[in-house]
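Notebook open. I wanted to look up a pocket and a couple of side chains, and jot down what turned up.

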Amino acid sequence: MRIAQVATLSFSVPPKLYGGIERVVSYLTEELVAQGHDVTLFASGDSQTTARLIPVCPHELHLVENHETRMPHYLRMMQLVFADVSRFDIIHFHTESIQLAWLQRQPWPNVTTLHYQLGAPCLKSRYDEYNAPLVSISDNQRLPIPDVNWQATVHHGVPRDLFTFRKDPGDYLAFIGRLSFEKRLDRAIRIAGQAGMKLKVAAKINRAEEHFKRDIEPLLHDGVEFVGEIGGREKDEFLGNAYALLFPIDWPEPFGLVMIEALACGTPVIAWRNGSVPEVIDDGRTGFIVDSVEEAVAAVSRIVDLDRHACRQAFEERFDAACMARKYVEVYRRLVQAAHV
């Protein structure tokens with residue numbers, strides 16, 4: 001198939017460090033190419049891909065905070081995409097909604113993956129108005145707007161060989177992610193402290209932020225180690241050498257990519273019952289799903305009963321990038337066929 005992948009411009013594809021959406025777009029794009037499809041990627045010029053890259057702007061835009069400064073780049077991207085849609089069998093958007101008005105003027109087989117939490121009523125009205133074909137990244141993500149044009153749920157996938165399976169657990173608990181309140185590093189610190197274990201934190205730290213000063217700093221002790229933002233081999237070693245990953249989120253996260261990255265390493269996950277967690281973690285097999293700090297502390301003592309091989313097996317069966325790509329191709333074929341009936 002001739003497939004266009006339209007990324008966000010916030011980060012390069014793949015991102016250097018942070019950038020979950022762009023990371024998934026990269027995994028999907030590379031796997032589609034490997035499976036023999038003709039793929040064109042619209043992304044920032046500092047992206048790297050085996051697909052045909054159409055650079056929209058020279059560099060990723062995450063440091064450009066002004067919306068008005070970013071918007072011309074997104075408008076240019078739409079112009080490039082819609083300059084000749086007949087080049088593609090289908091266009092796959094990873095942008096939120098800017099494409100909808102363009103598709104109304106120039107309809108073509110398309111699908112949009114929604115990577116965001118869907119709480120804004122204006123988004124629902126846009127998707128209703130344009131009847132856009134949508135893919136969710138978890139079933140839980142659909143709950144705020146269950147009656148739009150959902151085509152499928154496709155869980156994220158990671159390349160099979162990207163992370164290294166390690167059969168022996170390490171001696172620390174791991175936390176990785178942005179240091180925003182809803183990620184709940186404070187919970188992770190409490191869990192590790194009460195369980196008597198070290199906690200290693202992979203995140204960009206801004207000690208001047210109010211959340212850090214108010215919620216994190218008073219809890220810090222010698223058993224907490226900050227290792228900064230990590231990627232590549234560092235991330236592989238960080239997750240693979242952990243005793244368990246703590247994922248104590250306090251919001252309905254549509255999909256926590258780090259959970260399946262940990263499973264790929266064989267590392268079990270202790271996660272709050274929120275968002276996509278019950279769809280990703282097999283409670284009692286690949287980790288434990290908890291509702292309180294006390295339950296999480298008890299779960300730490302039960303990690304020894306879990307088989308790290310079972311974690312890796314669950315990853316290979318459910319969250320391999322090849323599996324993700326095949327599921328998207330099924331959606332593509334169905335939409336293309338419907339468009340030509």
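I started with the second largest pocket, which holds about 220 Å³ of space. I took a pocket as an open set of points on a 1 Å grid over the protein atoms alone, with protein on both sides within 12 Å along at least five of seven lines; lining residues have an atom within 4 Å of a point. The volume is the space filled by probe spheres set on the points, which are joined across faces, edges and corners. Of the 14 lining residues, Arg-23, Tyr-27, Leu-162, Phe-163 and Gly-232 come closest to the centre.

The model is predicted: local features need pLDDT of at least 70, side-chain atom pairs count only at pLDDT 80 or more, and totals for chains, interfaces and linings use all residues. Numbering runs from 1 along each chain as its sequence is written, and side-chain values use heavy atoms, with hydrogens and water left out.

Next I checked Glu-261. Glu-261 is buried, at 1% relative accessible area (buried means under 20%, with a 1.4 Å probe and protein chains only). Beyond its neighbours within four places in sequence, I found Glu-261 in contact (heavy atoms within 4.5 Å) with residues including Arg-23, Tyr-27 and Phe-163. Its side chain also makes a polar contact of 2.9 Å with that of Lys-235 (a pair of N or O atoms within 3.5 Å; within protein, one must be able to donate a hydrogen and the other to accept it, and residues adjacent in sequence count only if both atoms are side-chain atoms).

The His-37 side chain reaches the backbone nitrogen of Met-1 at 3.1 Å.

Notes
Buried < 20%, exposed > 50% of the residue type's maximum accessible area, 1.4 Å probe, protein only. 1 Å grid on protein atoms, 1.4 Å probe; cavity = no way out; pocket = protein on both sides within 12 Å on 5 of 7 lines; lining within 4 Å.
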